[in-house]
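Colleague: Could you take me through one part of this model in some detail, and then show me what surrounds it? I'd like the cut-offs spelled out as you go.

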Amino acid sequence: MIGWLKQLRIAFGASFVWLVCLIYFTQGFRSFVWTAVSYQLKDRLKLTPSASQFVTSIAFFPWSIKPIYGIVSDCIPIKGRKRIPYLVIATLLSLFPWVVVGIEESIRNSRDQLMIFLLLQNLGSAMADVVIDAMIAEAARLEKAKFAGDLQSVSWMAMAVGGICGSLLGGYALTNFQMETIFLLFAVLPTLQLFSCAFVKETPVPKQSTSKTNGLNGSISVSDEDKSTNQIHNKTNTLRRKKSSKRKMNKSNSQILEKDPSGSFSSGLQWLRSLKLAGYTLFKAFRQPIILRPMAWFFLAQVTIPNLSTIMFYYQTEVLNLEASFLGTTRVIGWIGLMLGTFIYNRFLKKMKLRTILMFAHVGLSLLTLVDVVLVCRWNVWLGISDETLVVFGSALSDAVNQFKFMPFLILSGQLCPPGIEGTLFALFMSINNLGSTIGSFVGAGLASFLNISSGSFDNLSLGIGIQVFCTFFPVFFLFLIPEEATGISAS
């Protein structure tokens, strides 16, 4: 392990490897502070389960628009650099909300103000995630491509370690510290991240003339976009005159550019042209049926299933009286289940057809959701099974089976991305998945409100879980959207 890290340090530089590990560790360690946020919404603000889930869903929305951050950082360098300046901005957005929330009690105790600061914090975290992924891809391509898989493995390992540590310490912190102290303690990690950015060197982007294409890795030229326009111009004399007039305007614009000593006008046009081309390239790639159909399925698989996780959190803490430290332990078991699911998938399932894997994953999820029905109806007491055992068992298996569903998503996403725009399109795929999850949370909040499930009133919770089980089967009927022969090895 030490020798492996030493090789990466030599290949990419110690400061870069440290920054990658720190950012991913922080992403996993977010469970430390978000456990406190859950209790803040429930105990201090006295929000209903549906209102609490609504606030959380709004706060996590920035994760649904990740491609925007990637396109902007690709097309608009800051002082000639495309990564470190944006990483600094993202880190500041991640840092200051926790500091402000930790210091200002009035913001902490206001639902709307707290939601805005949580939204800003997630904006910074999502942006940092996109930028560091781009830095990893660029470093692997430009420096040592053979270490690309090792670097990605280290990042995922760092996030898993962060998730385990955050889950374990989150429950302990809630028992021994004030809420505001937890927010300020977590701010230490973004602070370290901010200082670490100063030690990573980035090569400035060479200046390009405005006549050159500056799209997504140069994967498409402007002439591709203009071919149909030129054919239309050749149809009538009127359009020919317009085209001639357009040339004169371009000529005058070029003269203006030559007279612009600062180059700001030239840079602005180049940035707008790059943004337009990047958006066009992304849209052109995404609308291909081989990409659109599978992504549509994964989106449907999220939005058609109401997410009742926040409602179950209220039930576990108010009715079952489970302590924060125990719930932190269940999240650790969940991380272990996630890693176990990844191992089982890679060892035994990757040669199986994805349609089959996804079908059995949804059947398994529906059966595991019935565990919550057993818990809510208190049948486990009649069977002599403790609440703690059932919660831990359900958490571990649910995360493992969910990984059987998420691994095909990662595989298809990687295989379907065209060369040249892999990073941005993959970010779009992840955003679609995150957006679907956010909408699923909204649906769950709406369902809880419709069934009058609230703090202290969980009479209809078993009915809500039953509806969730029923909805879990809906995506199975749309599996025709997944390529029939796709496996974990090939998407064709």
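How many residues does α2 have, and how far does α2 reach from its first C-alpha to its last?

Modeller: Happy to. First, a word on the ground rules: this is a predicted model, in which local features need pLDDT of at least 70 and side-chain atom pairs count only at pLDDT 80 or more, while totals for chains, interfaces and linings use all residues. Residues are numbered from 1 along each chain as its sequence is written, and side-chain values use heavy atoms, with hydrogens and water left out.

Now to your helix. α2 has 31 residues and reaches 43 Å from its first C-alpha to its last, close to the expected 45 Å; that expected span is 1.5 Å times one less than the number of residues. Helices here are DSSP runs of H or I with at least four residues, numbered from the N terminus, and α2 covers residues 14–44. At G28, α2 bends by about 35 degrees, the bend being the angle between axes fitted to the seven residues ending at a residue and the seven starting there.

Most of α2 is covered, with 23 of its 31 residues buried. Buried means under 20% relative accessible area, exposed means over 50%, and partly exposed is in between, using a 1.4 Å probe and protein chains only.

Let's turn to the aromatic rings. Across the whole structure, a search finds 15 aromatic pairs. Rings of Phe, Tyr and Trp (its six-membered ring) pair if their centres lie within 6.5 Å, and planes under 30 degrees apart count as stacked, over 60 as edge-to-face and the rest as tilted. W34 and W98 have ring centres 6.1 Å apart and planes at 80 degrees, so they form an edge-to-face pair. W34 belongs to α2 and W98 to helix α5 (residues 84–103), so this pair ties together parts that are 64 residues apart in sequence. Both W34 and W98 are buried. Another edge-to-face pair is Y172 with F177, at 6.5 Å centre to centre and 80 degrees between the planes. Y172 is partly exposed at 48% relative accessibility, and F177 is partly exposed too, at 39%. Ring pairs also join W34 and W98 into a cluster with F25, F29, F32, F60, F183 and F186.

As for packing, α2 meets helix α9 (residues 179–186) at an angle of about 160 degrees, with the axes 10 Å apart. That makes α2 roughly antiparallel to α9: angles under 35 degrees count as roughly parallel, over 145 as roughly antiparallel, 65 to 115 as roughly perpendicular and the rest as oblique. The axes are lines fitted to C-alpha atoms over the stretch in contact, and angles run from 0 to 180 degrees between N-to-C directions. The crossing of α2 and α9 is left-handed, which means that the near helix is turned anticlockwise from the far one by less than a right angle, with clockwise counting as right-handed.

For another packing, look at helix α3 (residues 49–59) and helix α15 (residues 309–318), which pack at about 135 degrees with axes 8 Å apart. α3 and α15 are therefore oblique to each other, and their crossing is right-handed.

Lastly, on positive phi in residues other than glycine, K79 has a value near 55 degrees. K79 sits in the loop between α4 (66–75) and α5, and is exposed at 79% relative accessible area.

Technical notes:
Helix = DSSP H or I, 4+ residues; strand = E, 2+ residues; numbered from the N terminus.
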